[in-house]
Amino acid sequence: MNEDNLNSLRQKVKDLALDYQKKDDFTGWFEVIYTEALEDAEQIPWAKMQPHPCLENWLKTVDVTNQTALVIGCGLGDDSEILAAKNAQVTAFDIAPSSIEWCQKRFKNSSVNYLVADLLALDDSWKNSFDLIFESRTIQALPIPIRREVIAAIATLLKPGGTLLIVTRLRETEEISEGPPWAVSEQELSQFYEYGYQEISRTPYVDPNNPSILPEKDGRVRASFL
Ligand SMILES: C[S@@+](CC[C@H](N)C(=O)[O-])C[C@H]1O[C@@H](n2cnc3c(N)ncnc32)[C@H](O)[C@@H]1O
């Protein structure tokens, strides 16, 4: 996709998110993006149709066989599928029904349990039940006024001793920039400590398609928590 098309797609996302936010609806716009894409992944600005390199690289260093894995805001399913290919027992959910339908069409024989669900309204039975949680760019897609709620919802899903992997942009100050995405601050990330998490590693990542976003500033990181 050329730069002009990408910029107009990003502007569409910002405008839609803002329109919905005015109605106090922080998530309704995702379904609009997926349905209006008419199964053309180029119309989904975050869809790369391949697993995130941070997850791919991490999976070279660990064995996730038989682990229960949860993928939050799974989008078009590539991260879920690589976890399944590594023999994890994967549940993947998204709030947008059309994204889940799309995953099911793309990966017909998948072992992944794809579900429509809202992170902010999950069944209590999911609490403390996953060995591995992967969240890529969903925290940053939700606005800062609900960030505490979003992080609390994620934090309670992991089994004691499990691993949470986050891929997100970071912002250096508490100042709120225009989004989406709304990069995550250190202070927001530290909310995980309140739930007993410890940060065990952080890997800066430069998106080759977006090298202007440097890890030192408005950076993407993979943070693993224990
Ligand atoms: C920026 S996209 C990232 C998708 C995917 N994780 C990736 O990295 O390609 C954010 C995803 O989170 C989903 N999402 C947003 N809010 C959600 C919520 N409350 N519960 C579940 N999924 C949500 C959206 O529908 C969207 O698919």
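Colleague: Why is D78 called buried?

Modeller: In this predicted model, D78 has 22 C-beta neighbours inside 10 Å. Because a residue is buried once 20 or more other C-beta atoms lie within 10 Å of its own, D78 counts as buried.

Colleague: Where does D78 lie, and which residues does it touch?

Modeller: D78 lies in helix α4. Leaving aside residues up to four places away in sequence, D78 touches M49, Q50 and P51.

Colleague: What makes helix α4 largely enclosed by the rest of the structure?

Modeller: Helix α4 spans residues 78-85, and seven of its eight residues are buried, so the rest of the structure largely encloses it. The buried residues are D78, D79, S80, E81, I82, L83 and A84. They pack against α3 (53-59), β1 (68-72), β2 and β4 (130-136).

Colleague: Which residues does L83 touch?

Modeller: Residues up to four places away in sequence are not counted; beyond those, L83 touches V64, A69, V71, A88, V90 and F134. L83 also belongs to the largest nonpolar core, where it is one of the residues with the most contacts, together with A69, V71, V90 and I133. That core has 53 residues. Strand β5 (residues 158-171) gives the most to it, with six residues.

Colleague: How do you know that M49 is exposed while N87 is called partly exposed?

Modeller: M49 has 12 C-beta neighbours inside 10 Å. Exposed means 12 or fewer, so M49 counts as exposed. N87 has 13 C-beta neighbours inside 10 Å. That value falls between the limits of 12 and 20, and therefore N87 counts as partly exposed.

Colleague: How do you know on which side of helix α5 its buried residues lie?

Modeller: In α5 (residues 97-106), the buried residues are S99, I100, W102 and C103. They cover an arc of only 160 degrees around the axis, which means that they lie on the same side of α5. An α-helix has 3.6 residues a turn, so residues three or four places apart point the same way. The buried residues of α5 pack against α2 (28-36), β2 (89-94) and β3 (113-116).

Colleague: What makes β4 mostly covered, and with which strands does it pair?

Modeller: Six of the seven residues of β4 are buried, and this strand is accordingly described as mostly covered. Four bridges join β1 to β4, and these strands run parallel; I72 stands opposite E135 in β4. Six bridges join β4 to β5, again in parallel. The bridge partner of S136 is V167 in β5.

Colleague: Which residues come nearest to the ligand, and how does its shell divide?

Modeller: There are 20 residues around the ligand, and F30, G73, G75, L119 and S136 come nearest. The shell divides into ten nonpolar, seven polar and three charged residues.

Colleague: Why is R148 called exposed, and how far is E188 from R148 and from D78?

Modeller: R148, in helix α6 (residues 147-155), has 12 other C-beta atoms within 10 Å. The limit for exposed is 12 or fewer, so R148 is exposed. R148 and E188 are 40 residues apart along the chain, and their C-alpha atoms are separated by 7.4 Å. D78 and E188 are 110 residues apart along the chain, and their C-alpha atoms are separated by 27 Å.

Terms used. Residues numbered from 1 in each chain as written. Predicted model: local features only at pLDDT ≥ 70, side-chain atom pairs only at ≥ 80, totals over all residues. Near = placed C-beta within 6 Å. Nonpolar A, V, L, I, M, F, W, Y, C, P; charged D, E, K, R; others polar. Core = buried A, V, L, I, M, F, W, Y, C linked by C-beta atoms within 7 Å. Helix = DSSP H or I, 4+ residues; strand = E, 2+ residues; numbered from the N terminus. Contact = placed C-beta atoms within 7 Å. Arc of directions from axis to C-beta. Pairing = 2+ DSSP bridges.
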